[in-house]
Amino acid sequence: MELRKISQENVWNVAKLKVSKDQERFVASNVESILEAFAVREDGYVALPFALYEDNILVGFCMLGYGGIGDDEEPDIVNDNYSIWRLMIAPEFQGKGLGKKAMEAIMEYIKTFPFGKAEYCWVSYDEENTKAKKLYESFGFYENGDVDDGEIVAVLKL
């Protein structure tokens with residue numbers, strides 16, 4: 001699995017990727033995410049959108065972050081820590097272990113500490129998104145009791 005920066009070459013293909021209808025309530029569209037990343041970066045914060053490629057085929061999208069984005073309601077865990085804001089695998093590629101491979105690549109990247117040292121990586125997910133919870137738990141994430149924008153927060157010590 002390879003994380004590739006969003007570029008002129010791949011942005012429109014990434015924008016076309018969608019999750020299945022039953023997953024739409026769990027993750028923002030890739031278009032919304034790319035727009036959010038642009039705005040967050042313009043405001044001086046860190047948002048890292050990536051296209052996910054397996055064997056040179058676009059299979060998904062993820063967006064990572066470091067630190068907060070200036071929102072007064074952010075949980076304390078955001079400070080000087082990495083986050084996985086978005087992770088999606090297109091429906092036609094699901095059920096093939098690519099979510100796990102994507103997480104392995106994401107964690108490998110985060111552990112290079114590209115924006116500074118951190119003690120934790122955190123994610124948030126809807127309590128009904130049992131597939132996401134199971135995936136994150138398999139990597140050692142555990143719920144810390146925080147809530148971010150109505151979603152459960154889980155953390156992993158790096």
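**Close-up 1. Phe-50 in strand E2.** In this predicted model, Phe-50 is found in strand E2, and with a relative accessibility of 5% Phe-50 counts as buried. Although Phe-50 and Cys-62 are twelve residues apart along the chain, their C-alpha atoms are separated by 5.3 Å. Strand E2, which covers residues 46-54, pairs with E3 in the antiparallel sense, and nine bridges join the two strands. One of the positions to look for in this view is Leu-52, whose bridge partner in E3 is Gly-60. Where the chain passes from E2 to E3, the hairpin has two residues between the strands, and Asp-55 there takes a positive phi near 50°.

**Close-up 2. Strand E3 and its pairing with strand E4.** Strand E3 comprises residues 57-66, and because nine of its ten residues are buried, the strand is largely enclosed by the rest of the structure. E3 pairs in the antiparallel sense with strand E4 (residues 82-89), here over seven bridges.

Close-up 3. Glu-73 has its place in the loop between E3 and E4, and with a relative accessible area of 69% Glu-73 is exposed. On the surface, Glu-73 gathers with Asp-71, Asp-72 and Asp-149 in a patch of negative charge. The loop between E3 and E4 also holds Asp-80, which is exposed with a relative accessible area of 52%. Asp-80 is not a glycine, yet its phi is positive, at about 55°.

**Close-up 4. Strand E5, buried along its run.** Six of the six residues of E5 are buried, so the strand is largely enclosed by the rest of the structure. In a regular strand, side chains alternate between the two faces of the sheet. In E5, Tyr-120, Trp-122 and Ser-124 point one way, whereas Cys-121, Val-123 and Tyr-125 point the other way, and all of them are buried. E5 pairs with E4 in the parallel sense over three bridges, and among the contacts between these strands, Ile-84 has Val-123 in E5 as its bridge partner. In the loop between H3 and E5, Phe-113 has a phi near 50°, a positive value in a residue other than glycine.

**Close-up 5. The salt bridge of Glu-54 and Lys-101.** Side chains of opposite charge can pair when their charged atoms come close. The structure holds five salt bridges, and in one of them the side chains of Glu-54 and Lys-101 meet at 2.5 Å from N to O. Because Glu-54 lies in strand E2 and Lys-101 in helix H3 (residues 98-110), this pair ties together parts that are 47 residues apart in sequence. Glu-54 is buried, with a relative accessible area of 12%, whereas Lys-101, at 32% relative accessibility, counts as partly exposed.

**Close-up 6. The salt bridge of Lys-157 and Glu-119.** Lys-157 and Glu-119 form a salt bridge in which the closest N and O atoms are 2.7 Å apart. Lys-157 lies in strand E7 (residues 151-157) and Glu-119 in the loop between H3 and strand E5, so the pair ties together parts that are 38 residues apart in sequence. Lys-157 is partly exposed, with a relative accessible area of 49%, and Glu-119, at 41% relative accessibility, likewise counts as partly exposed.

**Close-up 7. The salt bridge of Glu-143 and Lys-133.** A further salt bridge joins Glu-143 to Lys-133, with their closest N and O atoms 3.4 Å apart. Since Glu-143 belongs to strand E6 (residues 142-148) and Lys-133 to helix H4 (residues 130-138), the pair ties together parts that are ten residues apart in sequence. Glu-143 is partly exposed, with a relative accessible area of 36%, and Lys-133 counts as partly exposed at 29% relative accessibility.

Key:
Residues are numbered from 1 along each chain as its sequence is written. This is a predicted model: local features need pLDDT of at least 70, side-chain atom pairs count only at pLDDT 80 or more; totals for chains, interfaces and linings use all residues. Side-chain values use heavy atoms; hydrogens and water are left out. Buried means under 20% relative accessible area, exposed over 50%, partly exposed in between (1.4 Å probe, protein chains only). Helices (H or I, at least four residues) and strands (E, at least two) are DSSP runs, numbered from the N terminus. Two strands pair if DSSP finds at least two bridges between them. Patches are made of residues with over 30% relative accessible area and no salt bridge: like charges are joined within 9 Å, nonpolar side chains (Val, Leu, Ile, Met, Phe, Trp, Tyr) within 5 Å. Accessible areas come from the Shrake-Rupley method with a 1.4 Å probe; for residues, only the protein chains shown count as cover. A salt bridge is a side-chain nitrogen of Lys or Arg within 4 Å of a carboxyl oxygen of Asp or Glu. Lys and Arg count as positive and Asp and Glu as negative; His and the chain ends are not counted. The place of a charge is taken as NZ of Lys, CZ of Arg, CG of Asp or CD of Glu.
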